[in-house]
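Reader: I have a structure to go through with you. Can we take it one topic at a time?

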Amino acid sequence: QPGLNSRDGVVLSSPVTDWLDLTAFWVRAKYNNEWTDALDDEVHSYDNDTSLANKSDLFALSAAMKFDGLSVTPYAMYGSIDDGANTPYPSNDGGFDGSGDAYWFGVTSTLNYFDPFVLKLSGAYGGVAYDATENFDRSGWYVQAKASYKTAYGTPVLGAWYGSGDDSDSKAIHQNWIPSVGGRFHPTFNFTPGEYGLYDPLSTAHQSIAGTWGIQAGIEDVSFLEDLTHAFTVTMFRGNNSSKWAADENPIAYMTSSDTVVEFNLSSTYQIYKNLAANLELAYLINDFDKNDHAGFALDNDMDEDAWSAALSFAYKF
């Protein structure tokens, strides 16, 4: 369909002081804003019909503050959501299930005062207040942290995250998930979409931080040969959701507190030329899903077996 998921927007950014930059943006997110009439085979626009436009306007403001050894960026965003305008979490079908008002408040920060020790921390709270009384308002939050220490032999890393999930008192699935518009959560290559976009099976991949918690440990920037670097990580995912809504849900996209995944990742990057690099991603996955929690989904044997993947990509920067 022409115009499917098209985007318009304006971004304004300006320094205020030596330590403060302000950024504001507006994004018009459209869904199916054009359609082809089967009778006259002409393309028509929904823009002139507000009942069919399915548009969402997103407004955001962020303040990037930089101090000696510390950077902090708080932000806030408001969204005027039309029914069916976007497909972010959460709702019964994976998207907003009604028109209403969405909001997010968050902060990202980096502490490098004790370099080579670096600590990164981010978190956000967001929700949706729907116009229709038959829809349930939704809200959730997440926190995420990563610590690293650079040495002559590599950079050891330790990270963790927690995203709120549905509890037994929730009135709808995804009600306690933080809503998201775009963006992807990909700390690993296989279970979550890969760094180079090679693993992105929309029907199965877990792309949201919501409803999970996890720990990651490993080492990055390891090099034994010139222009060749490696990174190795071990990541454990576990769900935060009650089994109340899990019976008919794919456990990869909706993990309960009884679902666990462990993924081993090894990546290698070879700088062939100044602008050309080859990237090899290897992943091994150990699944442990609770068949009782997802009884209606009919888990097959393949989903309980270990899995692996390999991807080779080339990146040219100019």
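Reader: Which residues touch the most other members of the largest nonpolar core?
Author: I178, F191, F237 and V261 do, in a core of 26 residues. A nonpolar core is a set of buried Ala, Val, Leu, Ile, Met, Phe, Trp, Tyr and Cys residues joined through side-chain atoms within 4.5 Å. Buried means under 20% relative accessible area, exposed over 50%, and partly exposed in between, with a 1.4 Å probe and protein chains only.

Reader: Which strands each supply at least two residues of this core?
Author: Strand 5 (55-67), strand 6 (70-81), strand 7 (100-111) and strand 8 (117-130). Strand 8 gives the most, with 3 residues. Strands (E, at least two residues) are DSSP runs, numbered from the N terminus.

Reader: What kind of model is this, and how are residues numbered?
Author: This is a predicted model, where local features need pLDDT of at least 70 and side-chain atom pairs count only at pLDDT 80 or more, while totals for chains, interfaces and linings use all residues. Residues are numbered from 1 along each chain as its sequence is written, and side-chain values use heavy atoms, with hydrogens and water left out.

Reader: On to the surface. Which residues form the nonpolar patch?
Author: I219, F232, F264, L266, L280, L282, Y284, I286, W308, L312 and F314, with about 1,000 Å² of accessible area together. Such a patch takes residues with over 30% relative accessible area and no salt bridge, and joins nonpolar side chains (Val, Leu, Ile, Met, Phe, Trp, Tyr) within 5 Å. A salt bridge is a side-chain nitrogen of Lys or Arg within 4 Å of a carboxyl oxygen of Asp or Glu. Accessible areas come from the Shrake-Rupley method with a 1.4 Å probe.

Reader: Which strand gives the most to the patch?
Author: Strand 14 (276-288), with 4 residues.

Reader: And W308, buried or exposed?
Author: W308 is exposed, at 65% relative accessible area, and lies in strand 15.

Reader: New topic. How many aromatic pairs are there?
Author: The count is 10. Rings of Phe, Tyr and Trp (its six-membered ring) pair if their centres lie within 6.5 Å; planes under 30 degrees apart count as stacked, over 60 as edge-to-face and the rest as tilted. One of them, Y103 with F105, has its ring centres 6.2 Å apart and its planes at 45 degrees, so this pair is tilted.

Reader: What about W141 and Y162?
Author: They are stacked, 5.4 Å centre to centre with 20 degrees between the planes. W141 is in strand 9 and Y162 in strand 10, so the pair ties together parts 21 residues apart in sequence.

Notes: Patch = residues over 30% accessible without salt bridge, like charges linked within 9 Å, V, L, I, M, F, W, Y side chains within 5 Å.
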